[in-house]
Amino acid sequence: MYKITDLYDLEHTLAAEYLRGFTYPWEALKGIKDMILALGPTLGEDYEEVQEHVWVHKTAKVFPSAYLGAPCIIGPETEVRHCAFIRGSALVGANCVVGNSVELKNVILFDHVQTPHYNYVGDSILGYFSHMGAGSITSNVKSDKKLVVVHNGTEQVETGLKKFGAMLGDYVEVGCNSVCNPGTVIGRHSNVYPTSCVRGVVPENSIYKNSGEIVEKC
């Protein structure tokens, strides 16, 4: 339930070919920067390299106070709003929203992803039409600085990564002021209640109410 093919429709990202080279989505985190550097020069005339290694589609809207760190790609019809901080290694798809005071770092955002208000998204992959409510964040480093493990019930999957935020499947909704702890994986079409503290694997088509209560959608 946490393989790339379980979580994502790869028709909705420029990173499709790159992601097809992996089984689990977190395996792709280490190579996002190099993937963007290779992909950028191939994008064609619809993209402008507005500064070195920063490619922005001509239909995207980047507000004057937003910061675009290299390397990054901003897709068509996407809005990068006031005071957004893209630190680099960010591939942002088509029709996305990167909102006010949002910070992105080492991420892939599929098409139609919304991170509209005060979100931190680091070392994460957000699937098609996923949405993070206001103030929700991905926590990407454990407090003890140990390597991140994905917990799925009694199963523990070693990732070998110190930095790993969250993998959100297609159409995932994360409620306001929620925290996705390191190694969180949320299956397609699942919802997370506001102010939740999420860890481990949340199955697809589920509602995460709290750590002891995950129910299947009707």
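R81 and E79 pair up through their side chains in a salt bridge, with N to O at 2.8 Å. The term here means a side-chain nitrogen of Lys or Arg within 4 Å of a carboxyl oxygen of Asp or Glu. Side chains of opposite charge can pair when their charged atoms come close. Before going further, keep in mind that this is a predicted model, where local features need pLDDT of at least 70, side-chain atom pairs count only at pLDDT 80 or more, and totals for chains, interfaces and linings use all residues. Residues are numbered from 1 along each chain as its sequence is written, and side-chain values use heavy atoms, with hydrogens and water left out.

How open to the outside is that pair? R81 is partly exposed, at a relative accessible area of 27%, and E79 is also partly exposed, at 26%. For these labels, buried means under 20% relative accessible area, exposed means over 50%, and partly exposed is in between (1.4 Å probe, protein chains only).

How many salt bridges does a search of the whole structure find? The count is six. One of them joins E17 and R20, with N to O at 2.4 Å. E17 sits out in the open as an exposed residue, with 62% relative accessible area, while R20 is partly exposed at 43%. These two are also part of a network of salt bridges that links E11, E17 and R20.

Now for the backbone. A cis peptide bond joins A70 and P71, with omega at about -10°. Where does P71 lie? Look in the loop between β4 (67-68) and β5 (72-74). Strands here are DSSP runs of E with at least two residues, and helices are runs of H or I with at least four, numbered from the N terminus.

Two residues have a positive phi without being glycine. C83 is one of them, with phi at about 65°. You'll find C83 in the loop between β6 (79-80) and β7 (85-86), where C83 is partly exposed, at 47% relative accessible area. D123 is another, with phi at about 50°. Is D123 buried or exposed? D123 is buried, with a relative accessible area of 4%, and D123 belongs to strand β12, which covers residues 120-126.
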